[in-house]
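Let's take a friendly walk through a protein model. Have a look at the structure first, and then we will visit its helices, cores and loops one by one.

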Amino acid sequence: MNQLIAKRTAIFSLILGAIAGLVSLLPFLIGISLFLLAFFSSVVVMLYMKKDEKHISYLTNEQGAIMGGLIGFFSTIGFFLTFSPMVCILHLIFRNYYSYMIPDMLKDALWLFVVVVVMVAAIFALTNSATGMGLCWILSHIEKEPENIDARLDIKIEE
């Protein structure tokens, strides 16, 4: 896997995390959103990138695990980058909106908030690494492996 694929993976993951953060502003959807973010964000991003083989073509199990870890980490960061400010804004507008202690933590213990976000992102990276590897294992039984997989690049650069 090259750097261009890793950058695209990070961007798509941040976008997915931002969408999940916006959806989670509805209190009854936060549990479902976090469950999907914890276990299935790598599946969503990898299948999107494999669609029409525009971004990636064939992945080995090792590449799927690495890519799943990247997706899990960056989707969690994207989630908290959108969810936290929006919760603070909604708490200012609607005083009875449940704020999950985010405004108080940002005001009094920013270091603790950063530690919590990084640790949650690391845990979600591990779980998404396993689901990404599982997806690649399932797809390896469905797709045909290219003949000289070690000799080719995953993308085509056209100038």
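## Getting our bearings

Helices (H or I, at least four residues) and strands (E, at least two) are DSSP runs, numbered from the N terminus. Residues are numbered from 1 along each chain as its sequence is written. This is a predicted model, in which local features need pLDDT of at least 70 and side-chain atom pairs count only at pLDDT 80 or more, while totals for chains, interfaces and linings use all residues, and side-chain values use heavy atoms, with hydrogens and water left out.

## A well-covered helix

Let's begin with α3, which spans residues 41–50. Buried means under 20% relative accessible area, exposed means over 50%, and partly exposed is in between (1.4 Å probe, protein chains only). How many of the ten residues of α3 are buried? The count is seven, which leaves this helix mostly covered. The buried residues are Ser 41, Ser 42, Val 43, Val 45, Met 46, Met 49 and Lys 50. They pack against α1 (3–23), α2, α4 and α6. After α3 comes Asp 52, whose phi is positive, near 60°.

## How helices cross

Two packed helices are described by the angle between their axes and the distance between the axes. Here, axes are lines fitted to C-alpha atoms, for helices over the stretch in contact, and angles run from 0 to 180 degrees between N-to-C directions. Helices α3 and α6 pack at about 45°, with axes 8 Å apart. That makes α3 oblique to α6, because angles under 35 degrees count as roughly parallel, over 145 as roughly antiparallel, 65 to 115 as roughly perpendicular and the rest as oblique. Their contact (heavy atoms within 4.5 Å) involves residues including Val 43, Met 46 and Leu 47 of α3 and Leu 135, Cys 136 and Leu 139 of α6.

Helix α6 also packs with α2, at an angle of about 65° and with the axes 7 Å apart. On the α2 side, the contact is made by Leu 34, Leu 37, Ala 38 and Phe 39, and on the α6 side by Phe 124, Thr 127, Asn 128 and Thr 131.

## Two nonpolar cores

A nonpolar core is a set of buried Ala, Val, Leu, Ile, Met, Phe, Trp, Tyr and Cys residues joined through side-chain atoms within 4.5 Å. The largest one has 16 residues, and those with the most contacts inside it are Leu 25, Phe 79, Phe 83, Val 87 and Ile 102. Two or more residues each come from α2 (30–39), α4 (61–93) and α6 (110–142). Helix α4 gives the largest share, six residues.

Leaving aside residues up to four places away in sequence, Leu 25 touches Phe 83, Met 86, Val 87, Leu 90 and Tyr 97. There is also a second, separate core of twelve residues, with Ile 5, Met 46, Leu 59 and Ile 71 among them.

## A serine and a loop

Is Ser 129 buried or exposed? Ser 129 lies in helix α6, and it is buried, with a relative accessible area of 19%. Not counting residues up to four places away in sequence, Ser 129 touches Gly 64, Ala 65, Gly 68 and Gly 69.

Finally, visit the loop between α4 and α5 (102–108), where Tyr 100 is found. Phi of Tyr 100 is near 55°, a positive value in a residue other than glycine. With 26% relative accessibility, Tyr 100 counts as partly exposed. Met 101 lies in the loop between α4 and α5 too, and its phi is positive as well, near 65°.
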